[in-house]
Amino acid sequence: MQYCKFIFWGLILCPLLASAQSKKLYQTYTQAKQAFIQNQYETANSLFALVTQSGEENQLVEYAYYYLALSAQKKNDLKSAQQNYLRLLERYPNWANRDEVYYALADIAFQNQDIESALNYLNKIQATDFQRDIYHIKGYYISRMETTPLRLLQQNLPQDTLIAQILVDKIAARSENMDEIAFMNELIRELKLQKPDKRRIDRFQYIRETYKVAAMLPFDFDKLRKREYTSLSKIAVSMYQGIRLACKELDSLLSVDIKLFAYDVRKENTNSLNEMISRHEFDDMDFIIGPLFPDEFKKMADLAATQKINMINPISDDAKLLYNEFTYLFRPTAESQAEKVAQFVAQKFSSKNTLIFYDNLTANQELAVQFQKKAEAEGLKVLASQKVNTFDLAKIAEVLDQFKNSSIGSILVSSTSSLVAEEILKVLREKYINAPLFVPDAWLSKFNSIDLLIYENQQVHFISPEYLNTESARASQFIKNYKNFNLQDDEDPDIYAFLGYEMMYYFANLLQKFGTKTNYRTQLNAQGLQVGKLVEGIDFSNKNDNQFVPILKIVNGQTQLVNKPK
């Protein structure tokens, strides 16, 4: 399996064409491009070769050289791929995308176990956005070296901390020689490396050709066989179809082989789950999606910690479900939501004074409490934090009367009551207070009695952890692919299908890059915020719940994401 992921894939879809190119050359290139997209690499190889042999000089020929090499690499003809990449560099030494060529040559050299050449090619890459990929490809191949040649490599490159860290980890995992352990400790001290533990070694040892993923969802198979659906089974089926589509694309596009197992896990069939755990049904799994219910999730979390299996609850934001380092939440917890909102307020608004209103629902009170803590940590001053009941809405005006209009910089209203929403908007209008509001997204999705213009004029910001732009080009393509994949279903995919697809893609990439039977904390910290396949952002750095919290507002009558990742 090739490790290299070709970063400028988009160039195959829209190459820059020279206006003077011949029609025949363009037709040949287009045919080659189509064959490549359809994985017909033999045909693509022959057609791209014709373009390179045309005698013409334009950008089509440049790209044809690249895809001639790439087609050979896709066929695992590494010798031809290497020759054509080198021809491209020789003929077009100043080609704008030569960093991609160096990266591909490094991948081939690594596969040929020519470590020195591979590292030389990587050192030629100048683009800063390649650094993370360079780090990963080096880690992937160098971690497969045996200790003796790895030690020689480290001696030749004594300041390369990644090589040194991998060597340290291998020594810690395998050696009982006191001299080697002393050498290891000296490396850690000199280069300030992380002290290894067994989990750090696991990620190098557990690389698989096929990864097993368990989808533990409330399918209610008995009713599904009769074509009967409950609200929960609809969620399960939609999410599972999204997961299946992701697995299909991962296999065909990225050569990530996922074997998917579906388990019907409901509150009323807990005994069945206990039986499966007792007969070690899940011990060899590499990733687990679900279960959705807290008690069942806890049982699997205990197993996950023992077997070192990463697992995720796709719909909950309950921080209590983060039992150990192997459990994840795809939604941000109340603490994370509060933290991101506090950071946004501190960075975007000059006034550091804020007010908090909340209702009697536990979840809303939790958000209010967490926001006060995070706001104060960000240097904001909380002027007041007031509980508001629907039978005592006058409290809103009473609190606001305590402060000058100009002294109120922002307001958090942690309430999902339409009565509270309507009252606070009315009072703010009457008192000419134009401080921006931060509210749950229920205000936008459920309160039809409030006109969008009111939200826009009052600078209302919606905290929207489940935000998904279903009108984006990416979402439109997913909807099309989903319908083609599920020909028996004419309906558009719902939010759970999007979610299943997104989760599978994200964590399958972690499996491919870093293996199984290990926690991903170090890698996730380094990876940071990522733009998802469909969602605007995914960020598991520092914590095991998604740290990206979409914040929306109304601009010119349209919903707009105001903290879009750069």
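Let's start with the face of helix 1 that is turned away from its buried side: Lys 23 and Lys 24 sit there, and both are exposed. Keep in mind, everyone, that this is a predicted model.

Now, which residues of helix 1 are buried? They are Leu 25, Thr 28, Tyr 29, Ala 32, Lys 33, Ala 35 and Phe 36. Around the axis they cover an arc of only 165°, so they lie on the same side of helix 1. And what do these buried residues pack against? Helix 2, which is 41-52, and helix 3, which is 59-74.

Just after helix 1 comes Asn 39, with a positive phi of about 65°.

The buried residues in helix 22 are Ala 475, Phe 478, Ile 479 and Tyr 482. Their arc around the axis is only 100°, which means they are on the same side of helix 22. Ala 473 and Lys 480, on the other side, are exposed. As for what covers the buried residues, that includes helix 13 (231-254) and helix 23.

Between helix 22 (473-485) and helix 23 (495-514) there is a loop, and Glu 491 is in it. Is Glu 491 buried or exposed? Its relative accessibility is 59%, so Glu 491 counts as exposed. If you go back to Ile 479, you'll find it twelve residues from Glu 491 in sequence, with 9.5 Å between their C-alpha atoms.

Last stop: the pockets. Rolling a probe the size of a water molecule over the atoms shows where empty space is left. The second largest pocket has a volume of about 1,200 Å³. How many residues line it? There are 42, and Asp 441, Ile 463, Ser 464, Pro 465 and Glu 466 lie nearest the centre. By class, the lining has 16 nonpolar, 14 polar and twelve charged residues.

Several elements each supply at least two lining residues, among them helix 16 (334-348), helix 20 (442-446) and strand 11 (551-555). Which helix gives the most to this lining? That is helix 17, with six residues.

Key: Residues are numbered from 1 along each chain as its sequence is written. This is a predicted model: local features need pLDDT of at least 70, side-chain atom pairs count only at pLDDT 80 or more; totals for chains, interfaces and linings use all residues. Side-chain values use heavy atoms; hydrogens and water are left out. On a 1 Å grid over the protein atoms alone, a cavity is a set of points where a 1.4 Å probe fits but cannot get out, and a pocket is an open set with protein on both sides within 12 Å along at least five of seven lines; lining residues have an atom within 4 Å of a point. Grid points are joined across faces, edges and corners, and a volume is the space filled by probe spheres set on the points. Helices (H or I, at least four residues) and strands (E, at least two) are DSSP runs, numbered from the N terminus. Ala, Val, Leu, Ile, Met, Phe, Trp, Tyr, Cys and Pro count as nonpolar, Asp, Glu, Lys and Arg as charged, and the others, Gly among them, as polar. Buried means under 20% relative accessible area, exposed over 50%, partly exposed in between (1.4 Å probe, protein chains only). The arc is that of the directions from the helix axis to the C-beta atoms. Contact means heavy atoms within 4.5 Å.
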